[in-house]
Each structure stands twice: as C-alpha cells, then as structure tokens.
Amino acid sequence: MISMIRDATTIARRNVIRISRVPEVMVFVVIQPLMFVLLFAYVFGGSIDIPGGSYREFLIAGIFAQTVVFGATFTASGLAEDVQKGLINRFRSLPMSRSAVVAGRTASDVVYNLLSIIIMSLAGFAVGWRIRGSILDAVVAYLLLLFFSYSFSWVMACLGLLVPAPEVVNNATFIVLFPLTFIANTFVPSDSLPGILKPIAEWNPVSTLTHAVRVRFGNLPAETPEPTSWPLQNAMLYSLGWAILLIVIFAPIATRLYQRTGKR
Amino acid sequence: MDNSSGNNYVGEFAVEASGLSKHYGDVVALDGLELSVPTGTVLGLLGPNGAGKTTAVSILTTLIAPDGGTARVAGVDVIKEPQRVRSLIGLSGQYAAVDEHLTATENLEMIGCLYGMRRPAARKKASELIERFRLSDSAHRPLKTFSGGMRRRIDLAGALLADPPVLFLDEPTTGLDPRSRGELWDVIRERVEAGTTVVLTTQYLEEADQLAHDIVVIDHGRAIARGTSQELKRRIGGEHLDIHLALLTDISRVEAIVRPFAIGAIRTDDQEVLVSIPVSKGIEALGSVMAELSVQNIEIVDIGLRRPTLDDVFMELTGHKTQEEQT
Ligand SMILES: Nc1ncnc2c1ncn2[C@@H]1O[C@H](COP(=O)(O)OP(=O)(O)OP(=O)(O)O)[C@@H](O)[C@H]1O
Ligand SMILES: [Mg+2]
C-alpha cells in the first residue's frame, strides 16, 4: 500500500510537470471553460428566463458541472497517449505497483479540474455571478465537483486503455457526454424539459451534481418550486453515491485493463 | 564506475527458456524457442524482421504471457512471479519509450523512483548516466527537442539505471550513429565485466560478433542455429567476394570462374547483377578472380571483399534470403 502511494505520487508528479509543458492542454483547461461562461452568459443570457432569478447566476453551477465531467476525458486521452507512446509497456516492465499508473493519473487530473474551476469562478465573477451562501457551503460545493470529476476519471481511464488511438477518445466521449450534460438541469431547469426527457434529467447524476452545487452556492432562484423527484431532493447524497459507485466499479476494471494492455 | 556487484545473480544460467510459443491469430510468432544464457554473458538474438525477437524479449520481461513453455530470469519464473522478475531486469524496447514532455533528468529520475530508489539517489544515478552518454548539455531540455538517437540513449540509460542483474536490449543500436554505437557497446561491455547478464537482439551479425558470447539465430519463431560467433562464421565462411557485373548475360561465366574459390554456396542475384561467394583467403581469391575476369574480357562495375552479413547467414542456413521470407 505504501509503495502504491509512492509510485502513484511519482506518476502524478510526472503528469503535473507535463501540464505546464503542453500548451494544447492549457487551451482546454483555460479557454474552453472561459468560452462556455461567456457564450452562455451573453448569447443565451438574455433569451432564457429564470423565474425569480438571473440566468447567469443559475447557469454557473451547470457550467461547472459540465466542465468537470468533460475534464475527466483528460484521463482517457492521457492514458491512451501513454499506451501509444509505449510508456505503459515501459511502466509494466518496472517493479512498480500495478494500480499506480492509473491511480496517479486520476489523481493528477484533479489538478487540471481545479485549474478549470478557478478560471471559471473568476470568469463567472466577472459576469456577475456571486457565491450567496456561506463559505463552508461553497467549499463543500467545490469539493463535490472535484470528487465527482475524480470518480468519472476512473470510467475514462478504462476508455483510455481500450481505445486503439488517443484521437478516438474525443469522438467516443462526445457521443456520451453531450447528452449526459445537456439532458440535465445544467442550462435550463429540468421542469422545463418535455416528456420523457424530464425524468431522465431528474435521475441524471449530472443534474443532481448541478443542483447540489447550485444550492450550496445559494444560486437557486427564490421562486424555484421544491423538487418532486427523489434524486433532486437528496441531490448531495445521490451525487456522492454515484461517485462512490463509479470508483468501486471502475477502479478494479481500470487496473486490470492496465495489466492487460499490450498483451492482446 | 558502477558498483553493481551486490546486485548480481549467482546461479549458473541467468535466463532459461524452454518451449516458448506464442501465436497471434494465424501468425506463429514463437514456435518452441529454447534459450539458456550463462550468468555474466551476452546472448545475441539474431534474426530478420518478424523472426520473433521482440516477442521473445516481451515474454522474458513479463510484458506478454506465452501460449506455451516456461521461462526463468535470474532463477525466477516469469509467469508465476512477474513482479519479482521486474525488479531484477532492465528493459530497453525496440522503440524508445520516453516521456517527450519531460527532460532527460526527469525521465530517468522517474524510472529510478519506480524501481524503488530514493529520489536523490535516482537523480544522482540519472546524471551519471546522462554524462556517460554525452547528453549533459541537453539534460534539462524536454525530450521532444531531442533527435531520435538521443532519445534512444535516454531509453537505454533507463534500462541501466537501477543496475539490474539482467538486461534486455531490443535492437539497442538501431538509429545510433557509429560513435554512439561504439560507446553503447563499451557501456554494455563494462556491465558484463561487472557481472551483468545481457540478452540483446540485433539484425546485424557484426553487432552480435562484437558483443555476444553466444548467438542464437532465429527465424519463424525458432532457433535455426546457435553457437559462438566464431562457430557461426566458420559455418558461413569468413569473407565474401561480391562481384557486380555490367551485363546480366555474364553471370554464368563468372560463376564458373569463381567456383574453385568458393567455400560455400554461391549466391547470384539477377536484379543487382551480382555474384557473391564465401571465400577463405580473401585477398588471394580477389587477385586471381580479377586476373581471370580481365583475361576473359568480362566488364565489371564493382568488386570487393566484405564481412558476412545476416543475409549470408540465412543463405547458408536456410538456402533462401531473409527478404523472401516475408509474407
Ligand atoms: N501484437 C501483435 N499482433 C499480431 N501479430 C503480431 C503482434 N506482435 C507481433 N506479431 C507478429 O509476430 C511475428 C514476430 O514479431 P516480432 O515483433 O517478435 O518480430 P521481430 O523479430 O522483433 O521483428 P523486427 O526485426 O521487425 O522487430 C511477426 O510476424 C509479427 O507480425
Ligand atoms: Mg522487434
């Protein structure tokens, strides 16, 4: 266990060094969240009506949730690149802990997401978003975002070890992540969604994550009716439950996939 | 100087493999390969593209599992205790596996840490090796600014970093310039002198000749010849006389001229308009053949003596050229 932590730290340190050296990654980490905040705030900001509140205020939690979910794809592309460059085989020939490569990667990707969240918070602040709850609640909201993203990184780790080339990662994830983050209450209240989309959105963990964060930031418009679905009523618990479930299921799978990489 | 004596394996054979086989679908990559490498010696695995060299190295370094057979490295079973094997080996694969965004020092330090070394020790060892490979000036640049040969040397340094008792080097000198190649050979010799066992693959007979105590020639996943480089060379003849002709129609006449000097099979190549023969007394044969060619008025483009190559080995051992085996 100690050697596993040691090795994972070595791998995580390596990944963090890379952050500053790979400008393309910084584009995704900085520009993309910035663009989302500005686009939604100014393009849709005026046309979407939130009863009893401002859309910009409502929006930020949704963008946070969407960005950390998309941020998890770094785990997939990073690992896929390591497979392609032969580094995974190099690691597999070393006497290191067998779960350290993936554990180190998922851990270091938290740093990416932390950077994204800081940029988004500053951008949000610039367009008028404010934390209206207590500082403690805000800290809880930030931690929840990071933990959810961390758990999602384990799912993405499996994908990264399965795809034949890093380029495939984006195509594969977009197909899943766009519906996941849009059929939700991220950009519009779930009550406004039609027919079957409404229950889907209500049970979508991205919705509950958004809702929990929105509540903790004090960004829920005053006139919002009490949620009627169980997941939204217990948004914090439900989101945490999902996060833990994802780790429990996908961490062992990712470790197994790592060991099998290259064996084919 | 390296102080790796505490690390060495003391058993008789540092690498032993028996009946190794591996299939990829219909392709037979290894077909019952047998190897035994005495501790403290260098084994050269010699073979053309697709012979199974990398597959053999991958099995011995625990990267892939064989379909059949057994293997022990430094006395440890590679299938049953892969993790223990990993702490006893250093691997440099056929293609440099380095992190392009890290500097040379950072790459090696990381590998050292993953071998379980403390960071300061890993860093010290890294800078020693970087200096040994003449890369000190570039030690703090990301590897993506390195040339292919420089990356290759960092990859090799990674294999040597922890002073493992057994080294596996897959085509270690491919892509290196002659000077770097010679230096790498020196580094390998030093290690072997200190007791390290080395398995290296190569496509060049000369390299195996320079370094290896024993050579195993493999083709289609099985050993087709084994012995010291002296023994192999005796089998295929010491030198070759190559005669490039101006006219294809002269080939049969030239064959008749050289026959008395040939100590093995004569090879002719219509495409290159070439006649190639293994000879024992090279200079003598060259003089006599040239005299006879001029008497008979046969026009030549080029004539010369050269040392045997892998192609010659294959010609002699299998009766066909390496290229013709590709499917
Ligand atoms: N992952 C794989 N999937 C399918 N076939 C493979 C795979 N790896 C190797 N092979 C096949 O196994 C055979 C042996 O390959 P191997 O890489 O061991 O040869 P090699 O001697 O190292 O060749 P080279 O000199 O080109 O490196 C080849 O026919 C190759 O096509
Ligand atoms: Mg190979």
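Me: How many bridges join strand E1 of chain B to E2(B), and do they run parallel or antiparallel?
Reply: Nine bridges join strand E1 (residues 13-24) to E2(B), and the two run antiparallel. This is a predicted model, by the way.

Me: Which residue is the bridge partner of B:His23 in E2(B)?
Reply: B:Val28 is the bridge partner of B:His23.

Me: What order do the strands have in that open sheet of chain B?
Reply: The order is E2-E1-E4-E5, four strands with antiparallel pairing.

Me: Which strands stand at the edges?
Reply: Strand E2 (27-38) and strand E5 (76-77) of chain B do. Each has a single partner strand, so one side of each is left without a neighbour in the sheet.

Me: What lies across E1, E2 and strand E4 of chain B?
Reply: Helix H1 (residues 53-60) of chain B lies across them, and strand E4 covers 68-73. The helix runs at about 120° to E1(B).

Me: And what is in the loop between E4 and E5 of chain B?
Reply: B:Ala74 lies in that loop. Its phi is near 50°, a positive value in a residue other than glycine.

Me: Is B:Ala74 buried or exposed?
Reply: B:Ala74 is buried, with a relative accessible area of 8%. The cut-off for buried is under 20%.

Me: Where is B:His220 found?
Reply: B:His220 is in the loop between strand E9 (214-219) and strand E10 (222-227) of chain B. B:His220 also has a positive phi, of about 50°, although it is not a glycine. With a relative accessible area of 47%, B:His220 is partly exposed.

Me: New topic. Why is strand E7 of chain B described as largely enclosed?
Reply: Five of the five residues of E7(B), residues 166-170, are buried, so the strand is largely enclosed by the rest of the structure.

Me: Which way do the residues of E7(B) point?
Reply: B:Val166, B:Phe168 and B:Asp170 point one way, and B:Leu167 and B:Leu169 point the other way. In a regular strand the side chains alternate between the two faces of the sheet.

Me: How many bridges join E7(B) to strand E8 of chain B?
Reply: Five bridges join E7(B) to E8 (residues 197-202), and these strands run parallel. B:Leu169 has B:Leu200 as its bridge partner in E8(B), while B:Asp170 stands opposite B:Thr201.

Me: What joins E7(B) to strand E6 of chain B?
Reply: Four bridges do, with E6 (residues 89-92) running parallel to E7(B). There B:Leu91 stands opposite B:Phe168.

Me: How many residues of E8(B) are buried?
Reply: Six of the six are buried, so E8(B) is largely enclosed by the rest of the structure. B:Thr197, B:Val199 and B:Thr201 are on one side, and B:Val198, B:Leu200 and B:Thr202 are on the other.

Me: What about strand E3 of chain B and E8(B)?
Reply: Five bridges join E3 (residues 42-46) to E8(B), and they run parallel. B:Leu45 stands opposite B:Thr201 in E8(B).

Me: Over to chain A. How many residues has helix H12?
Reply: Helix H12 (residues 235-260) has 26 residues and reaches 37 Å from its first C-alpha to its last, close to the 38 Å expected.

Me: Where is the kink in H12(A)?
Reply: The kink of about 30° lies at A:Phe250, shortly before the proline A:Pro252.

Me: Which residues of H12(A) are buried, and what covers them?
Reply: Among the buried ones are A:Tyr238, A:Leu246, A:Ile247 and A:Tyr258. The cover includes helix H6 (100-126) and helix H7 (135-162) of chain A.

Methods
Residues are numbered from 1 along each chain as its sequence is written. Chains are lettered from A and ligands numbered from 1 in the order in which they are written. This is a predicted model: local features need pLDDT of at least 70, side-chain atom pairs count only at pLDDT 80 or more; totals for chains, interfaces and linings use all residues. Side-chain values use heavy atoms; hydrogens and water are left out. The expected span of a helix is 1.5 Å times one less than its number of residues. The bend at a residue is the angle between axes fitted to the seven residues ending there and the seven starting there. Buried means under 20% relative accessible area, exposed over 50%, partly exposed in between (1.4 Å probe, protein chains only). Contact means heavy atoms within 4.5 Å. Two strands pair if DSSP finds at least two bridges between them. Axes are lines fitted to C-alpha atoms, for helices over the stretch in contact, and angles run from 0 to 180 degrees between N-to-C directions.
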